[in-house]
Every structure is written in structure tokens, then in C-alpha cells.
Amino acid sequence: MPEPLPDRPTRRARHTPSDARAALSRLAFVPGWVVVALTTLVFAAGVSVPLAYQLLPLAISVAFLGLPHGAVDHLAIPRTCGEAVTGRWLAAVGALYLVVGGAYAVVWFLAPIVAVVGFILLTWAHWGQGDVYPLVALAGGEHPAGRTGRLLTAATRGSLPMAVPFVAFPDQYELVVATLAGLFDPAAPAALSALFTPAARAAVAAVVAALVCLSVAVGVVATVGGDRRSLALDVAETGLLVAFFATVPPILAVGLYFCVWHALRHIVRLLAVDPAAAGSLRSRRYGAALASFTRDAAPLTAASIGLLVLLYVAVPGTVTDPLDLVGTYLVLIAVLTLPHVIVVAVMDREQGLYAM
């Protein structure tokens with residue numbers, strides 16, 4: 001049976017202490033379930049929300065949960081590796097962001113359609129990546145198990161926020177991607193419209209359905225004769241997310257998911273590798289642990305907001321409409337996500353997530 005993942009660093013997986021699992025459950029899983037389930041019920045009942053209010057979660061994420069969850073990447077790798085945070089580590093992570101993030105920023109100006117499609121695929125990969133560690137850590141490694149099972153779970157989970165809205169809300173999905181590309185090239189929205197056809201929606205729906213079915217089938221086979229509670233958790237969460245993204249308008253759904261699902265789970269993972277915060281988790285002083293994270297994240301969150309202001313100035317299109325403002329913020333998120341994915345991949349490697 002695969003070993004549960006660690007909260008402390010090594011290249012081989014270790015046991016996750018019960019206090020870290022309790023924090024993951026109470027600080028991340030339960031809040032995410034509650035918000036996603038209640039929002040799904042509200043919109044299933046026929047409630048409609050003006051677009052300006054749908055943008056609020058993304059706007060709030062600039063300073064709360066969303067942007068800050070990646071603002072401690074300069075600390076995440078050395079802490080996961082069990083090393084001191086030195087100037088060398090800070091320079092290495094800084095260079096990663098400068099080179100990789102800077103190169104992607106250039107792509108937005110030179111080839112915005114390529115950048116938008118890349119952002120969708122990148123987010124698919126990263127949000128799937130972000131769901132594997134919490135599942136394994138909370139469930140004790142029963143499911144998903146093995147490199148293949150975990151990669152499949154990542155592909156499946158990432159497809160839900162990125163692909164389900166494409167099928168359920170094609171007009172709003174097209175509005176968002178057209179807004180992003182249109183900030184850099186007025187002709188881009190017309191070119192992107194060719195992607196939003198009934199045939200494309202049917203193909204995407206088939207891919208998502210195939211991923212879900214295959215993931216469940218692999219999980220059933222892997223847990224024969226074993227404890228299937230982890231598989232049940234995965235199936236329940238997958239069903240909840242399918243309902244959520246098929247029911248809630250995509251701008252609101254993605255904003256809520258980004259904050260209360262993806263970011264919260266990653267933040268608790270970061271707390272578990274921070275020696276000071278991990279001590280607070282052991283004593284169930286969750287407020288102190290979150291305060292420690294807030295202090296760590298504050299400087300680079302502020303710096304990222306400064307970059308956002310510069311991006312508003314640099315974008316060639318007119319950025320005055322609320323959707324355009326949020327679209328510009330999403331471009332910044334895209335630029336920061338690419339190096340962030342690499343940081344999380346290093347954490348995955350050090351914690352043995354795909355070692356089996």
C-alpha cells in the first residue's frame with residue numbers, strides 16, 4: 001500500500017501527521033465543500049447574478065487567498081527540501097520568475113491567441129496538479145495510487161474548471177477568452193470564435209467524460225480488497241465540481257474555486273512545511289499558522305500588485321471596463337502561474353508524490 005505523503009521534506013514519501021491532516025480538512029476541504037455546494041444549490045434554484053457581482057471573487061483574490069497563495073514560492077522550495085532559506089534560494093526562485101514569467105509575458109504581447117490557449121492548458125495542468133497532493137495527504141495514499149493513477153487524477157481534476165464551463169456556458173467562456181486576447185489584439189476575438197462550435201463542445205465533453213470514467217475505473221481496480229473511502233472522497237468531489245461548473249456562471253465559478261478550493265489547499269500544504277506554522281498546526285492554533293503565512297506572503301503580494309499596475313499601463317488596449325480590468329489581472333495570473341507550476345512540481349518531487 002502506498003505510503004501517505006509528508007508534511008516535512010524528503011525525496012521519499014513519509015507519513016502525514018494527523019495534525020496536518022486535521023488542518024487540511026478543517027481549513028481547506030470543509031470550507032471549499034461548503035462554498036461550492038451552497039453556490040451550486042443557489043444557481044440550481046434559478047438565481048441570477050449581474051456580471052459585475054460575478055467578478056467580485058476574482059477581484060477579491062488580488063489580496064485575499066488567490067494571488068497570495070503563490071507569493072511564498074521563494075520559501076516553499078527550500079522549506080520542502082528541509083533547507084534554510086538563503087540568498088541563493090531567493091535568487092534562484094527570483095530568476096525562475098524573471099526568465100520564465102518574463103518570456104510568457106512577451107508571448108501575450110506578440111501572440112495573444114497562443115498565450116490565451118496556453119493559459120487554459122496551463123491552468124488545466126496546474127489546478128489538476130494542485131488537487132492531487134491534498135487528496136493523497138488526507139486519504140492516506142490509498143487513492144489515487146501510483147504515478148499513473150495520480151497523473152490521471154490530475155488530468156481529470158484540472159479538466160473540471162477548465163473544460164466543463166466551455167461545454168455548459170460557451171458564450172460566457174468565449175467572452176472571457178476574447179476579452180483576454182482582445183486586450184492585445186483587436187482582431188483576436190474574431191479568430192477565437194472559430195473554437196466555439198457545437199462539434200468542439202461535444203469533443204470536449206467526451207474528453208471530460210472519458211477522463212472521469214477512466215479515473216474512477218483505475219481507482220476501483222487499485223483499491224480492490226482495500227479501503228475505498230479515499231476513492232469515495234474523490235468521486236464525491238468530482239461529482240460536486242462537475243455540478244458546480246455546469247451550473248454556476250464561469251466567471252463566478254472560477255473566482256470562487258480559485259480562492260476557496262485551489263488556493264486554500266495549497267496554503268495548508270505550505271503551512272505544513274513551514275517549521276513555525278507546522279508547530280501551530282500541531283497545537284491546533286490555526287489562526288497563528290495563517291497569520292504566519294500572511295506575513296510571509298505580504299511582501300510579494302504587494303510586489304505582484306505593483307506589477308499589475310504596470311501591466312495596466314503596458315496593455316495596448318483600453319482597460320476601463322470592469323471585465324477588462326479583471327482580464328488584465330488574469331493575464332498577470334497567467335504570467336505568474338507558469339513559474340509557480342515549476343515550483344509546485346519541485347515540491348511534488350521532493351515529497352515523493354509521483355515516485356511510485
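**Salt bridges in a predicted model**

Q: Which residue does Glu237 meet in a salt bridge?
A: This is a predicted model, where local features need pLDDT of at least 70 and side-chain atom pairs count only at pLDDT 80 or more. A salt bridge puts a side-chain nitrogen of Lys or Arg within 4 Å of a carboxyl oxygen of Asp or Glu. Here the N to O distance is 2.5 Å, and the partner of Glu237 is Arg265.

Q: How many residues apart are Glu237 and Arg265?
A: Residues are numbered from 1 along each chain as its sequence is written. Helices are DSSP runs of H or I, at least four residues long, numbered from the N terminus. Glu237 sits in helix α11 and Arg265 in helix α12 (residues 250-273), so the pair links distant parts of the chain. The separation is 28 residues.

Q: Which helix holds Asp131, the salt-bridge partner of Arg157?
A: The side chains of Arg157 and Asp131 meet at 2.5 Å, N to O. Arg157 lies in helix α7 (residues 146-168), so the pair ties together parts that are 26 residues apart in sequence. Asp131 belongs to helix α6 (residues 112-139).

Q: Is Arg157 buried or exposed?
A: Buried means under 20% relative accessible area and exposed means over 50% (1.4 Å probe, protein chains only). The relative accessible area of Arg157 is 0%. So Arg157 is buried.

Q: How far apart are the closest N and O atoms of Asp234 and Arg157?
A: Asp234 lies in helix α11 (residues 229-247) and Arg157 in helix α7, so this pair ties together parts that are 77 residues apart in sequence. The two residues form a salt bridge, and its closest N and O atoms are 3.0 Å apart.

Note on methods: Side-chain values use heavy atoms; hydrogens and water are left out. Helices (H or I, at least four residues) and strands (E, at least two) are DSSP runs, numbered from the N terminus.
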